[in-house]
Amino acid sequence: MMFTSLIMQAGAYFNKIQCFCFEEQRLLPGEKIDMPVFFYIDPEFATDRKMNDVNNLILSYTFF
């Protein structure tokens, strides 16, 4: 699995509190589970002038 931040500067403001990615999990074929991610964006993001052009943050995971 790989964490991807498309706007690297904004990644400094992204804080994961709880994530399925903190521990390795193995799934059986066809198995379904919830994989929650709890996070917050640091409030300083709103006042950082370098982030003025950032309108969207995208969090994605690649499973392999």
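This is a predicted model: local features need pLDDT of at least 70, side-chain atom pairs count only at pLDDT 80 or more; totals for chains, interfaces and linings use all residues.
I will start with the overall layout. The protein has 64 residues, and its secondary structure comes to 1 helix and 4 strands. Read from the N terminus, the order of the elements is β-α-β-β-β. Of the contacts with a separation of 6 or more, 59% are between residues 24 or more positions apart. Buried residues make up 17% of the protein. The protein exposes about 5600 Å², and 54% of that comes from carbon and sulfur atoms.

Next, the aromatic rings. How many aromatic pairs does a search of the whole structure find? The search gives 2. I will describe one of them, Tyr-13 with Phe-45. A pair like this is described by how far apart the ring centres are and by the angle of the planes. Here the centres are 5.6 Å apart and the planes stand at 75 degrees; edge-to-face means over 60, so this pair is edge-to-face. Where do the two residues sit in the chain? Tyr-13 is in the loop between helix H1 (8-11) and strand S2 (14-19), while Phe-45 is in the loop between S3 and S4.

Last, the surface. Phe-39, Ile-41, Leu-57 and Leu-59 make a nonpolar patch of about 300 Å². Take Leu-57, which lies in the loop between strand S3 (37-41) and strand S4 (59-62). Its relative accessible area is 41%, so Leu-57 counts as partly exposed.

That is the end of the talk.

Note on methods:
Residues are numbered from 1 along each chain as its sequence is written. Side-chain values use heavy atoms; hydrogens and water are left out. Patches are made of residues with over 30% relative accessible area and no salt bridge: like charges are joined within 9 Å, nonpolar side chains (Val, Leu, Ile, Met, Phe, Trp, Tyr) within 5 Å. Accessible areas come from the Shrake-Rupley method with a 1.4 Å probe; for residues, only the protein chains shown count as cover. A salt bridge is a side-chain nitrogen of Lys or Arg within 4 Å of a carboxyl oxygen of Asp or Glu. Buried means under 20% relative accessible area, exposed over 50%, partly exposed in between (1.4 Å probe, protein chains only). Rings of Phe, Tyr and Trp (its six-membered ring) pair if their centres lie within 6.5 Å; planes under 30 degrees apart count as stacked, over 60 as edge-to-face and the rest as tilted. Contact means heavy atoms within 4.5 Å.
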